[in-house]
Amino acid sequence: MSARFEEIDWRATPMGEISLRRRRHPESGEDVYEVKLDDEYLMSSLFTAGEVELARLGLAELREGPLDVVVGGLGLGYTARAALDDPRVGSLIVVDALAEVIDWHRRGLVPLGAGLASDPRCRLVRGDFFAMAAGSATAGGPVPADGPRVDGARAAIGEAAPGLDPETPGRRFHAILLDVDHSPRHVLHPGHAALYGREGLTALAELLYPGGVFALWSNDPPDQEFGSVLAEVFAETSAHVVDFANPLQGGTAANTVYVARRSAG
């Protein structure tokens, strides 16, 4: 059992001061992992239902494998883990802007880290998902889980890396699962906002195979305006409300998972 509270890591990053914390839940006695950016809570291992459902709902729209999947936003790893738990997934790229977060997983500082970093199907990539999706990315190379996989680290900082795989520019995927911003309206950085417009979503859709799926996590209720823009770009769209218990405030809370399928034609 851990101490009642521990700050496992703290780093100054271009986005602000990020910290990884672990505390003991007063009732269950279990360890709770939390990530803060400056004074704002980004995620907690107490609330993972939405992250898991992002992968489950997105991949449920696809049929046969093997599937090539991208997750935007590593965080504590719950979306990536849920994707890898689907036996149809043949390859997974996880893109995160912060090398510090990737390092937590490589060093096993978070519960799911060692499993993700050692899975041969999974590659952790440091880069700006939003710039990469827009085709104007500069990205760090893939961050390998161990020494033998250094072969993939070809794209140095400052090299153009169009698309979501720095090793294969323009590569397409069967599914893109995104969990970075609080919602399309409440973004962590102003530069993210363009992705949620028609032009940004159209560029993203080009990175999907015909019939491929884009799924998005949101902390807000379904947004009719965003849903309408999504429907302008994708052939099929839906918004799923994910309810889950809230032990901090009592009762239940909810996230939204948007699922959009590209035309098969």
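Modeller: Glu-53 sits in helix 1, residues 49-60; helices (H or I, at least four residues) and strands (E, at least two) are DSSP runs, numbered from the N terminus. This is a predicted model, where local features need pLDDT of at least 70 and side-chain atom pairs 80 or more, while totals for chains, interfaces and linings use all residues. Residues are numbered from 1 along each chain as its sequence is written, and side-chain values use heavy atoms, with hydrogens and water left out.

Glu-53 has 19% relative accessibility, so it counts as buried; that word means under 20% relative accessible area, exposed means over 50%, and partly exposed is in between (1.4 Å probe, protein chains only). Leaving out residues up to four places away in sequence, Glu-53 touches Gly-58, Val-242 and Val-257, where contact means heavy atoms within 4.5 Å.

Now hop over to Asp-96, which belongs to strand 6 (residues 89-96). Asp-96 is buried too, at 11% relative accessible area. Its side chain reaches the backbone nitrogen of Leu-98 at 2.9 Å. Not counting residues up to four places away in sequence, Asp-96 also touches a set of residues including Gly-73, Val-101 and Arg-126. Val-71 is 25 residues from Asp-96 in sequence, and their C-alpha atoms are 8.8 Å apart.

Last stop, helix 6 (residues 198-205): Gly-200, Leu-201, Leu-204 and Ala-205 are buried there. Down the axis, these buried residues fall within an arc of 135 degrees, so they line one face of the helix; the arc is taken from the directions from the helix axis to the C-beta atoms. The face turned away from that side carries exposed Arg-198 and Glu-199.

How values were computed
Polar contact = N/O pair within 3.5 Å; in protein donor to acceptor, adjacent residues only side chain to side chain.
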